[in-house]
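Have a look at the model first.

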Amino acid sequence: MTVFLCKACGTSYPDAPQPPAGCPICEDERQYIPAGGQEWLARETLVPVHRNAWQQHELGLYSLQTMPAFAINQRAFLLRTPGGNVLWDCIALLDGATKALVESLGGLSAIAISHPHYYSTMQDWAAAFGAPIHLHAADRQWIMRPDPAIRLWEGDALELWPGITLVRGGGHFPGGTVLHWADGADKRGVLLAGDILQVTPGAHRISFMWSYPNMMPLPAAEIRRLMERVSARPFERIYGAFFGQNVLANAHAVLGESAARYIELLEGRTG
(Lines give C-alpha, C1' and ligand atoms only; values in the text may rest on other atoms or scores of the structure.)
Protein backbone atom coordinates (compact mmCIF):
# COMPACT_ATOMS: atom_id res chain seq x y z
CA MET A 1 0.00 0.00 0.00
CA THR A 2 1.29 3.44 -0.95
CA VAL A 3 0.43 7.08 -0.35
CA PHE A 4 0.31 8.57 -3.85
CA LEU A 5 0.90 12.24 -4.67
CA CYS A 6 -0.58 14.09 -7.62
CA LYS A 7 2.38 15.47 -9.56
CA ALA A 8 0.41 18.52 -10.73
CA CYS A 9 -0.87 19.82 -7.37
CA GLY A 10 0.98 17.75 -4.75
CA THR A 11 -2.18 16.49 -3.01
CA SER A 12 -1.74 13.21 -1.14
CA TYR A 13 -4.26 10.38 -1.23
CA PRO A 14 -4.95 7.50 1.20
CA ASP A 15 -2.86 4.31 1.17
CA ALA A 16 -3.80 2.21 -1.84
CA PRO A 17 -2.18 -0.39 -4.12
CA GLN A 18 -2.76 1.80 -7.20
CA PRO A 19 -3.00 5.55 -7.85
CA PRO A 20 -6.47 7.12 -7.81
CA ALA A 21 -8.47 7.23 -11.03
CA GLY A 22 -8.22 11.03 -10.99
CA CYS A 23 -7.43 14.06 -8.86
CA PRO A 24 -10.61 16.03 -8.09
CA ILE A 25 -8.56 19.07 -7.15
CA CYS A 26 -6.92 19.17 -10.58
CA GLU A 27 -10.22 18.40 -12.31
CA ASP A 28 -11.73 21.53 -10.74
CA GLU A 29 -11.53 24.66 -12.91
CA ARG A 30 -9.31 26.46 -10.37
CA GLN A 31 -6.49 24.01 -11.14
CA TYR A 32 -5.79 21.98 -14.30
CA ILE A 33 -4.93 18.55 -15.62
CA PRO A 34 -1.59 18.79 -17.46
CA ALA A 35 -1.70 18.44 -21.22
CA GLY A 36 0.12 15.11 -20.93
CA GLY A 37 -2.46 13.75 -18.51
CA GLN A 38 -2.64 13.13 -14.78
CA GLU A 39 0.54 11.65 -13.28
CA TRP A 40 1.27 10.19 -9.85
CA LEU A 41 4.25 9.29 -7.74
CA ALA A 42 4.78 7.48 -4.47
CA ARG A 43 5.41 9.81 -1.54
CA GLU A 44 8.73 8.16 -0.69
CA THR A 45 10.20 8.87 -4.14
CA LEU A 46 10.40 12.61 -3.41
CA VAL A 47 13.16 12.24 -0.82
CA PRO A 48 16.08 11.03 -2.98
CA VAL A 49 15.69 13.75 -5.62
CA HIS A 50 14.39 16.80 -3.73
CA ARG A 51 15.33 18.90 -0.72
CA ASN A 52 13.80 21.83 1.15
CA ALA A 53 15.51 25.21 1.06
CA TRP A 54 15.03 27.58 4.00
CA GLN A 55 14.99 31.36 4.23
CA GLN A 56 14.65 33.66 7.24
CA HIS A 57 12.52 36.72 6.45
CA GLU A 58 12.44 38.45 9.82
CA LEU A 59 12.73 37.55 13.47
CA GLY A 60 10.58 34.48 14.04
CA LEU A 61 9.52 33.97 10.41
CA TYR A 62 11.03 31.36 8.06
CA SER A 63 9.93 29.94 4.73
CA LEU A 64 10.75 26.57 3.21
CA GLN A 65 10.37 25.52 -0.40
CA THR A 66 11.15 22.29 -2.24
CA MET A 67 14.08 22.22 -4.68
CA PRO A 68 13.92 21.42 -7.53
CA ALA A 69 10.35 22.62 -7.87
CA PHE A 70 7.56 20.12 -7.25
CA ALA A 71 3.87 20.45 -8.18
CA ILE A 72 2.58 24.04 -7.68
CA ASN A 73 5.90 25.07 -6.09
CA GLN A 74 4.43 27.10 -3.24
CA ARG A 75 6.40 27.78 -0.10
CA ALA A 76 5.38 27.03 3.46
CA PHE A 77 6.16 29.27 6.45
CA LEU A 78 7.27 28.45 9.95
CA LEU A 79 6.18 31.19 12.32
CA ARG A 80 7.68 31.19 15.83
CA THR A 81 5.68 32.98 18.53
CA PRO A 82 5.55 32.96 22.34
CA GLY A 83 2.32 30.94 22.12
CA GLY A 84 3.85 28.26 19.92
CA ASN A 85 5.03 27.62 16.37
CA VAL A 86 2.71 27.56 13.37
CA LEU A 87 3.29 25.91 10.01
CA TRP A 88 1.46 28.10 7.52
CA ASP A 89 0.53 26.34 4.28
CA CYS A 90 2.23 23.07 3.47
CA ILE A 91 4.61 21.43 1.01
CA ALA A 92 4.74 17.76 0.08
CA LEU A 93 8.32 16.95 1.05
CA LEU A 94 8.93 16.13 4.71
CA ASP A 95 12.39 14.59 4.93
CA GLY A 96 14.71 13.88 7.83
CA ALA A 97 16.56 17.18 7.55
CA THR A 98 13.32 19.14 7.62
CA LYS A 99 12.09 17.23 10.66
CA ALA A 100 15.34 17.94 12.48
CA LEU A 101 15.27 21.65 11.66
CA VAL A 102 11.64 22.07 12.71
CA GLU A 103 12.32 20.24 15.97
CA SER A 104 15.35 22.43 16.63
CA LEU A 105 13.14 25.51 16.23
CA GLY A 106 10.65 24.21 18.78
CA GLY A 107 8.42 21.87 16.80
CA LEU A 108 4.86 22.79 15.81
CA SER A 109 1.86 23.72 17.91
CA ALA A 110 -0.48 24.17 14.95
CA ILE A 111 -0.76 23.81 11.18
CA ALA A 112 -3.00 26.17 9.22
CA ILE A 113 -3.54 26.18 5.45
CA SER A 114 -4.88 28.88 3.17
CA HIS A 115 -6.81 26.69 0.72
CA PRO A 116 -6.99 23.15 -0.76
CA HIS A 117 -4.23 23.56 -3.37
CA TYR A 118 -1.73 23.56 -0.50
CA TYR A 119 -3.06 20.67 1.59
CA SER A 120 -0.36 18.38 0.07
CA THR A 121 0.94 16.06 2.82
CA MET A 122 -0.44 18.01 5.79
CA GLN A 123 -1.37 14.70 7.46
CA ASP A 124 2.29 13.63 7.58
CA TRP A 125 3.38 16.94 9.11
CA ALA A 126 0.65 16.65 11.75
CA ALA A 127 1.74 13.12 12.66
CA ALA A 128 5.44 14.01 12.78
CA PHE A 129 4.99 16.94 15.17
CA GLY A 130 1.78 16.08 17.01
CA ALA A 131 0.08 19.23 15.73
CA PRO A 132 -3.57 19.84 14.83
CA ILE A 133 -4.46 21.03 11.32
CA HIS A 134 -6.84 24.01 11.15
CA LEU A 135 -8.89 24.14 7.92
CA HIS A 136 -11.96 26.19 7.18
CA ALA A 137 -15.09 24.06 7.11
CA ALA A 138 -16.29 25.66 3.86
CA ASP A 139 -13.58 23.70 2.03
CA ARG A 140 -14.16 20.31 3.67
CA GLN A 141 -15.10 18.64 0.36
CA TRP A 142 -11.50 19.02 -0.86
CA ILE A 143 -9.93 16.95 1.91
CA MET A 144 -8.79 13.95 -0.10
CA ARG A 145 -7.09 12.13 2.77
CA PRO A 146 -9.12 12.39 6.00
CA ASP A 147 -7.15 12.44 9.23
CA PRO A 148 -8.05 12.78 12.93
CA ALA A 149 -5.64 15.72 13.26
CA ILE A 150 -7.86 17.90 11.06
CA ARG A 151 -9.90 20.51 12.95
CA LEU A 152 -12.57 22.29 10.91
CA TRP A 153 -13.45 25.83 11.96
CA GLU A 154 -16.33 28.06 10.91
CA GLY A 155 -17.06 31.77 10.79
CA ASP A 156 -14.80 34.60 9.62
CA ALA A 157 -11.97 34.40 12.19
CA LEU A 158 -10.27 31.95 14.52
CA GLU A 159 -7.74 33.09 17.11
CA LEU A 160 -5.25 30.27 17.65
CA TRP A 161 -3.69 32.21 20.54
CA PRO A 162 -3.03 35.90 21.24
CA GLY A 163 -1.42 37.53 18.23
CA ILE A 164 -2.20 34.70 15.79
CA THR A 165 -5.56 34.80 14.01
CA LEU A 166 -6.87 32.96 10.96
CA VAL A 167 -9.10 35.21 8.85
CA ARG A 168 -11.47 33.84 6.25
CA GLY A 169 -11.19 35.98 3.14
CA GLY A 170 -12.95 33.67 0.72
CA GLY A 171 -12.39 34.47 -2.92
CA HIS A 172 -10.21 31.82 -4.55
CA PHE A 173 -12.04 29.21 -2.41
CA PRO A 174 -15.04 29.75 -0.11
CA GLY A 175 -12.87 29.00 2.92
CA GLY A 176 -9.84 30.87 1.62
CA THR A 177 -7.83 31.95 4.67
CA VAL A 178 -5.01 34.33 5.54
CA LEU A 179 -3.01 34.37 8.78
CA HIS A 180 -2.74 37.65 10.70
CA TRP A 181 0.32 37.93 12.95
CA ALA A 182 -0.15 40.85 15.31
CA ASP A 183 3.05 40.63 17.33
CA GLY A 184 5.70 41.06 14.67
CA ALA A 185 8.89 42.97 15.34
CA ASP A 186 7.36 46.41 14.72
CA LYS A 187 3.92 45.53 16.15
CA ARG A 188 2.16 46.76 13.01
CA GLY A 189 1.14 43.34 11.81
CA VAL A 190 1.93 40.83 9.08
CA LEU A 191 -0.30 38.83 6.73
CA LEU A 192 0.67 35.38 5.49
CA ALA A 193 -1.58 35.27 2.46
CA GLY A 194 -1.00 32.12 0.40
CA ASP A 195 -2.55 33.13 -2.90
CA ILE A 196 -5.87 34.22 -1.44
CA LEU A 197 -4.12 37.54 -1.95
CA GLN A 198 -1.67 36.98 -4.80
CA VAL A 199 1.42 39.13 -4.51
CA THR A 200 2.50 39.85 -8.10
CA PRO A 201 6.09 39.37 -9.33
CA GLY A 202 6.91 43.06 -8.96
CA ALA A 203 5.99 42.83 -5.26
CA HIS A 204 4.05 46.09 -5.37
CA ARG A 205 0.61 44.85 -6.46
CA ILE A 206 -1.94 42.32 -5.25
CA SER A 207 -4.15 40.29 -7.59
CA PHE A 208 -7.40 38.43 -6.97
CA MET A 209 -8.37 35.39 -9.03
CA TRP A 210 -10.88 32.56 -9.11
CA SER A 211 -8.33 30.48 -11.06
CA TYR A 212 -4.71 31.54 -11.40
CA PRO A 213 -3.54 28.93 -13.96
CA ASN A 214 -6.70 29.38 -16.05
CA MET A 215 -6.69 33.18 -15.62
CA MET A 216 -10.29 33.46 -14.45
CA PRO A 217 -10.91 36.56 -12.31
CA LEU A 218 -13.01 36.94 -9.19
CA PRO A 219 -16.15 39.06 -9.53
CA ALA A 220 -16.04 42.57 -8.09
CA ALA A 221 -18.61 41.75 -5.38
CA GLU A 222 -16.43 38.90 -4.06
CA ILE A 223 -13.36 41.14 -3.94
CA ARG A 224 -15.32 43.69 -1.93
CA ARG A 225 -16.36 40.99 0.55
CA LEU A 226 -12.78 39.75 0.83
CA MET A 227 -11.54 43.28 1.48
CA GLU A 228 -14.10 43.84 4.24
CA ARG A 229 -12.82 40.80 6.10
CA VAL A 230 -9.10 41.29 5.61
CA SER A 231 -8.51 45.04 5.56
CA ALA A 232 -10.16 45.58 8.95
CA ARG A 233 -6.91 44.40 10.58
CA PRO A 234 -3.66 46.38 10.70
CA PHE A 235 -0.66 45.06 8.83
CA GLU A 236 2.50 46.45 7.32
CA ARG A 237 3.81 43.46 5.34
CA ILE A 238 2.37 40.62 3.24
CA TYR A 239 4.18 37.38 2.46
CA GLY A 240 2.73 35.54 -0.54
CA ALA A 241 2.81 31.96 -1.72
CA PHE A 242 5.86 32.13 -3.97
CA PHE A 243 9.53 33.01 -3.69
CA GLY A 244 10.27 36.73 -3.66
CA GLN A 245 6.62 37.77 -3.73
CA ASN A 246 6.49 39.84 -0.56
CA VAL A 247 5.19 43.35 0.09
CA LEU A 248 7.59 44.62 2.73
CA ALA A 249 6.23 48.11 3.42
CA ASN A 250 2.86 49.90 3.30
CA ALA A 251 1.13 46.62 2.55
CA HIS A 252 -2.26 47.76 3.83
CA ALA A 253 -2.28 50.67 1.37
CA VAL A 254 -0.95 48.49 -1.46
CA LEU A 255 -3.78 46.03 -0.91
CA GLY A 256 -6.43 48.74 -0.88
CA GLU A 257 -5.10 50.44 -4.01
CA SER A 258 -4.77 47.11 -5.84
CA ALA A 259 -8.32 46.08 -4.99
CA ALA A 260 -9.74 49.44 -6.08
CA ARG A 261 -7.95 49.30 -9.43
CA TYR A 262 -8.90 45.66 -9.99
CA ILE A 263 -12.56 46.46 -9.41
CA GLU A 264 -12.35 49.45 -11.76
CA LEU A 265 -11.09 47.22 -14.55
CA LEU A 266 -13.72 44.54 -13.90
CA GLU A 267 -16.42 47.19 -14.09
CA GLY A 268 -15.10 48.63 -17.33
CA ARG A 269 -13.47 51.77 -15.96
CA THR A 270 -10.10 51.51 -17.75
CA GLY A 271 -8.95 55.13 -17.72
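## About the model

This is a predicted model, in which local features need pLDDT of at least 70 and side-chain atom pairs count only at pLDDT 80 or more, while totals for chains, interfaces and linings use all residues. Residues are numbered from 1 along each chain as its sequence is written, and side-chain values use heavy atoms, with hydrogens and water left out.

## The whole chain

The chain holds five helices and 19 strands; these are DSSP runs numbered from the N terminus, with helices being H or I of at least four residues and strands E of at least two. Along the principal axes, the C-alpha atoms fill a box of roughly 55 × 45 × 35 Å.

Of the 271 residues, 57% are buried, meaning under 20% relative accessible area with a 1.4 Å probe, protein chains only. Looking at contacts (heavy atoms within 4.5 Å) between residues at least 6 apart in sequence, 55% join residues at least 24 apart.

## Strand 5 and its neighbours

Strand 5 (residues 76–81) is mostly covered, with five of its six residues buried. On one side, strand 4 (residues 61–67) runs antiparallel to strand 5 and is joined to it by four bridges; pairing requires that DSSP finds at least two bridges between two strands. Here Leu-64 stands opposite Ala-76 of strand 5.

Strand 5 also pairs with strand 6 (residues 84–88), in the antiparallel sense over five bridges. The two form a hairpin with two residues between them, and Phe-77 has Trp-88 in strand 6 as its bridge partner.

Key:
Buried < 20%, exposed > 50% of the residue type's maximum accessible area, 1.4 Å probe, protein only.
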